[in-house]
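Me: I am new to this structure and would like to go through it step by step. Could we begin once it is on the screen?

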Amino acid sequence: MTQEEQPTLHSRRSLTLRFDIPISRTREFWDALGKGRFVTTRCSACGNESFPPQADCPRCMSDRFEWVDLDREARLVTYTYVQVTPASFVNDDPYIIAIGEFANGIKVLAWLEGVPVEKAKVGMKLTVEARRSSEGNPYYVFVPSLPS
Ligand SMILES: [Zn+2]
């Protein structure tokens, strides 16, 4: 029997997805973001800064760490323009996903807002902004930096 001959039930129902994501060891990051701060972890043993925050250092495996404030300014390394969106983001399309690199070398993936795709340029200065979703969850986006 080939794949096409398999009996199939077709459904047009929509699915609603609900997530409960455990954040206990990185809770400080989300709490800080909710207050408009952008922080990450620095390993107390070797000084390595990680993003996303890591309770266990990916370089030396130490579990001792401290929280440090990250810069707000990054440079656009690369981006992609998402026109055909996954169902969970269908109300937000189209959008830009960007990777920004901070002066300390940390790279962060986030949505890029406030700039049309034809004006997005690799190397442009970006600023991280804290936001809050309609569910009340803090999140962060890149926006173009204002000329100084
Ligand atoms: Zn380390």
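Reply: Five strands close into a barrel with the order 4-5-6-8-7, and their pairing is mixed. Strands here are DSSP runs of E with at least two residues, numbered from the N terminus, and two strands pair if DSSP finds at least two bridges between them. From one strand to the next, the twist averages 50°; axes are lines fitted to C-alpha atoms, and angles run from 0 to 180 degrees between N-to-C directions.

Me: What kind of model is this, and how are residues numbered?

Reply: This is a predicted model, in which local features need pLDDT of at least 70 and side-chain atom pairs count only at pLDDT 80 or more, while totals for chains, interfaces and linings use all residues. Residues are numbered from 1 along each chain as its sequence is written.

Me: What about strand 7 and strand 8?

Reply: Strand 7 (residues 125–132) runs antiparallel to strand 8, and seven bridges join them. Arg131 has Tyr139 in strand 8 as its bridge partner. The hairpin of these two strands has five residues between the strands, where Gly136 takes a positive phi near 95°.

Me: Changing topic: what is the order of the three-strand open sheet?

Reply: The order is 2-1-3, with antiparallel pairing. Strand 2 (49–50) and strand 3 (65–69) are the edge strands, each pairing on one side only. Strand 1 (residues 39–43) is joined to strand 2 by two bridges, and Arg42 has Glu49 in strand 2 as its bridge partner.

Me: Which domains is the chain divided into?

Reply: There are domain 1 (22–70) and domain 2 (71–148), with bounds from an automatic or database domain assignment. Their C-alpha centres lie 21 Å apart. The contact takes eight residues from domain 1 and 10 residues from domain 2, residues being in contact if their C-beta atoms, placed from the backbone, lie within 7 Å.

Me: Which helix gives the largest share of the domain 1 side?

Reply: Helix 1 (residues 27–34) does, with three residues; helices are DSSP runs of H or I with at least four residues.

How values were computed
Contact = placed C-beta atoms within 7 Å.
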